[in-house]
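Reader: I would like to go through this model by question and answer. Can we keep it brisk?

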Amino acid sequence: MKNRFIQRYSKALIVFLFSVLSTLAYGQEISGDAANGKTLFNANCASCHKLDKKAIGPALGDVTERRSTEWLVKWIVNNAELRASGDEEAIAIFEEYNGSVMPAFPGLSEQDVMDILVYTVEGQKKAAPEEAGTGAVAGGEPVEPDNTVPLLILGAILAFLVYLLVTVKNTLKRVQGQPTTSLAEDANIITRTALKNPKIVTLLTILIAIVFFQQLYIALMSVGISEKYQPSQPIKFSHELHAGQNQIDCNYCHYGARKGKHSNIPSAGVCMNCHMQVQEGPKYGTEEIAKIYAAVGWDPETYQYIEGYEQKPIKWIRIHNLPDLAYFNHSQHVTAGQIACQTCHGPIQEMEEVYQYSSLTMGWCVNCHRETQVQVKSNDYYTEMHEKLKEKYGEDAQITVEMIGGLECGKCHY
Amino acid sequence: MAETKKYWKGIEELTNSETMEKLRANEFGEVSTEDFLGDKEKLSESSTTRRDFLKYMGFSTAAATLAACEAPIVESIPYVVTPEEVIPGIPDFYATSFYDGHDYASIIVKTREGRPIKVENNTEAGINGGANARVHASVLNLYDATRLQQPMINGEKAAWSDLDAALGKELAAANGKQVVFLTSTVLSPTTKKLIKAFGAQYANFKHVSFDPFSYSGKLDAIAAAKGKRALPMYKFQHADVIVGVGADFLGDWIGQGVSADYASRRKPGKKMSRHIQFEANMSLTGASADKRHKIRASEMGATLVGLHNEIAALKGAAKLAGGASNAQVKAAAKELVKAGSKALVVSGSNSADIEAVTISINDLLGNGGTTIDYTTRTYFRQGDDKAMTALIADMNSGKVGALLIDNLNPAYVLAGNTKFAKGMEKVGTTVYFSEKNDETAQLCKYVCAKHNYLESWGDAKPADGIYSLQQPVIRPLFDTRQMEGCLLKWMGGTQNYYDYLTANWNTGILGGTRWDKALHDGVYTSTLGTMVVAETPEEPGFIERIFGTEEAEETNNTAYSASAAAGRLVSIKPKDFDLSFYRKAGMGVGNLANNPWLQELPDPITRVTWDNYLTISAADALELGLKNWTESNGALDGDRVNLKANGRMLENVPVLIQPGQAKGTLGLAVGYGRKGAGKVANGVGVNAYAVMDGTHEITGATISKVEEGYHEFACSQLAHTMMGRKIVNETSLDTYLNGDPAKWNEKMFFETHKGPLSAEETNLWDDFDHQTGHMWNMSIDLNLCNGCGACVIACHSENNVPVVGKEEMRINRNMHWLRIDRYYSSDMTEEKAEEEGVGVIDKFDQMEDPSANPEVVFQPVMCQHCNHAPCETVCPVAATTHSSEGLNHMTYNRCIGTRYCANNCPYKVRRFNWFQYSENPGRFGLNYSMNDDLGRMVLNPDVTVRARGVMEKCSMCIQRTQAGKLAAKRKGEPLKDGAIKTACQQACDTGAIVFGDVNNTDSQVFALKQDKRMYHLLEEVGTQPSVFYQTKVRNRA
């Protein structure tokens, strides 16, 4: 009895509250937890709504000023019901957005809705100064630690010490009544004595020759190797953001890697799967994303593809260039070999701008083939082969790629 | 007639000034060495010393090297929106049909990123699922830059809208006069329907079919005897005894692909068929026959009559008058009668008389329904010579207002018929649907640039109840339209041909089954129960048209009766030379002539490339003083003759002496001597059509030797015989069934300290481990190989094999990874020499000469993938190495081109890149598959295009084995036998080539390796090849 009474009471209370609130609706008398609101907004609303502009649904920044809170709650919890009840406002907005259906959120309590609405107000206020902030940082490259100043200081100290030493030495000599020598004269004498000593000369020659040939060797061996190659791309696409922060699976965009030879660069169409909604990035704002729209012909204002648009493919700069004479198949490594992308491509999820992590030399390939174990146990393809390999290498032998012929020329060169 | 205008470059040239003369004489401003080195004084004054020169040289080399270190920036451009079916790097396969008016095949096309790159056989096809060499090569013709890229009016480039408008008016004006649609045989039921609908607009419309290599006479005889003007279905798989008279059914015959059916009965055993061939030219079919008899082409009729009479005598039936009989014919008749309804007699020729007698023989044998099916018809070669003759007459008398030509190049194939060209001038409006600006296009006012077959929609009904679909596998490359699209447009509708086609299929053909499924399979077999094919009613038969319906029955009995035909046939008297026209495996009737792969495909019999020539018997050549000889560089030369036939002259025809050519006969291939096919084909060979008059063989041809000059051949095999060695192991069926395999398939044993050991066990080196993992082996059955060459083209296409051109081919620098060696038997054998006491030198001398009527064997040879490879041990840089899977790897980027390996290879299968064959249009521009941007689209992206100076050879399609293994790994299941097929194996419709893993004891190749026919090529060398052959067994009675 008591429970029912409380229920009824609370209902009445809410109705009362609402009626009070509705009179004050345009006066912004709502309260709630903006932080909780933000979490809920991001989880439930952000895919279709933005605060400051139209997306699939209308901008919500000033929604509390446009609509009564009571109406908003009804709409948010179950807009279809509201429309069915014949609410003109609801039907009008539904038609304005070409009948895009907004799902019902029966799981949201009234307080949740309040929190969200509070966030729409608070969030909008914060947005402006934040934007100014990002603008200032934008364009700032990650700064490498600058060693010039400490080095200069060290150099100065060293020069001072040398000066001190020479002064002390000359002072001592003057004290002894000997003639003083300048620093240049000292150096001259020492060099001349040294050059007259054949042992020192031989040693020096050998040293210089070693250094020269070692440097030459390093230079020659690096010909054609593009390790650390980091060209700037037509779009400042950040793997750090997409693969790192947003945790998007590599295979979502590079879907070819599992299936075929190429780990394809995704077409702009794939970008659009997300960027139809996500029209603004945290770092470059709309600038970079606009380049995708320019490629596919998408009008973010009308939320439509432009008819008859001449699509322009994005000309990415290829980073990993294997020569034509080497055949490399991604699916062999990714699917059959179960190798993680990072093994060859490095910490891609941390790269703001991608660079070539591995040397891609044949020595590098061969080393890996010598060390990497084959998935003999989990893949039935190898079952029979594995039995024979056990006979050959022992029961517990680790079967490497080399053991199954992975170092043979024709496996990669044909 | 083109005007001979003179263009001058400037006014100086016109006035012919002295400076101009000087400039012309020294165009490139060359200075002779004398001029700058001869002047000693000046030279001594010069401050440049030898040391300086070396310094500059060293510096520039270093500078160039350094400059090359900078890696170029490579762009990687993805699709804007990836098509759903494309995953970069993974091929898509589409079922479609090939039909060019002559060849028909149901095929699968492999595409990579939207580019068709290879044609494969459609194994699900009910008929013609095995494409021939031409169809396999046809994918290259798509990328021919000399294709028409837009329509033309009066030889000028035009827009489609202009053409539509102008032609619409002219066609309307032509109504009243005859409007004629001239095509080769139309196989497509939907196109037929459309042509009919198009014709309905005109009061006087005719559709004339005409085939370049016509079987009109054959069809007329069939129509008279069997009531319908259509070919019967030949069923070689049911034939115990086959007698062919001038019918090259394994090469190029009536359009029905019979090689697979034929081969199904050629495996040695109790069920092996027996095949006897009577023919004048040495054909592929004659080469495969168990017994081949030479007859003059003009004796074909008499031989058939003789055969008829011998059979009639044995069966106690009525004989025909006359006929030539001899022991050979008698023996053949006996065997045929013994086989009864399981016998089959087939003839070539365009003569109704010959077919009438052939029908009569088959009827005597009672094989209707077993080996010949007159109820299930095929619809190839529907052309009607008489209708064509009538059309030419009408054209000349000015009755034809408009002539539309499709799928036929009449100006070329009627080159000898001057009336056609004259008639064309009198036709008001000429419209030509063509892919090329060819001989006919030059005579026509409106030339409608046509889609390639790979860009078109279409269908075909090759036989009763069997349908196939054609679908585009690439967007049209140029501003072209398909013929059907033009007709629909000109009929004023808005429907496109795809809609027209689907509508026709859904209402008429499919009978409720799904279009998607038919399109996916490429073929659709209509079961008799659901055959509700709403076809256009049969046009009145040939007899009805000529003689009227009432007389038809009577005429049937008289004009085309066997007795009347026999009477005419036996009265043919051979005069001078008989000339038989034939079609080469590579060229057919010449439709795809501008295809370098096909031009370079060696003729299976003569092994000559880039040519046609008059084949002549050695005896006749000796009489006329005609010779073939070899140059010191290994090139073949020959005399030339002027050929007179049908009252016309063909000058400077090269002569090639052909073993097995009947004395008194000549052979000449059609399809060459092009003028408007494109840079590859133009000027290659002579045009046989110029002396051909529809019939395939004529008598009364004369030749006279041209004393001046000689012809240069590009022949890829000069050795005709095996010189008594066991290169092809051969035996007879009787020996195979009853003899001891150790005798007829002798294995080599070597004396070692361990006792006698087989070649497999005798090793100088340690063995590789070939028990773990895969061990690839290939079996080649010499009984099933008929030498057709489809595998060679498939290999070309799969492995980016370069075309080297006639000059290089001439000196044996061909690049074919797979060659088909052809050997003739010789009259001299080791045994005979011993018996007759012939000396060694004489013996080998005579062994070199093939018999006058030799037995022929074909042997496909590619890298044998030796497990003790002689090439591997001599490579100084280890560029060719052995794999654990039994293959011999060739690493191009490691090769430095010493060619030691090729010298040490006992099989001579290694090919050296003497030149840069790709991206070298100046020298190898004819090979457009590697030298222009459009042509290069045909290259297989999974195979390296080799550079100059490296060795290459068959890799056993390692890209396919690797891909097959990977597919199994990705699925996580063991590799299934048959999952990996090499390109040559896929192309071989007789199943002669089988590839697989011999470590898998359930595999087909494992079973074949245990076969008692198995032998290794040059086993005694001890190379232990991974390729093995199956002994050739001839059914010698």
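Predicted model: local features only at pLDDT ≥ 70, side-chain atom pairs only at ≥ 80, totals over all residues.

Reader: Which residues make up domain 4 of chain B?

Author: Chain B is divided into four parts, listed in order. Domain 1 spans 92-142, domain 2 spans 226-378 and domain 3 spans 577-715. Domain 4 of chain B is 730-1034.

Reader: What distance separates the centres of domain 1 and domain 2 of chain B?

Author: The two do touch: four residues of domain 1 of chain B are in contact with five residues of domain 2 of chain B. On the domain 1 side, two residues are nonpolar, two are polar and none is charged. Taken over C-alpha atoms, the centres of these domains are separated by 30 Å.

Reader: Which helix of chain B gives the largest share of the side that touches chain A?

Author: The contact takes 47 residues from chain A and 41 residues from chain B. By class, the chain B side has 20 nonpolar, 16 polar and five charged residues. Strand 1 (75-76) and helix 36 (958-971) of chain B each supply at least two residues of that side. The largest share, six residues, comes from helix 36 of chain B.

Conventions: Residues numbered from 1 in each chain as written. Chains lettered and ligands numbered in written order. Domains from an automatic or database assignment. Contact = placed C-beta atoms within 7 Å. Nonpolar A, V, L, I, M, F, W, Y, C, P; charged D, E, K, R; others polar. Helix = DSSP H or I, 4+ residues; strand = E, 2+ residues; numbered from the N terminus.
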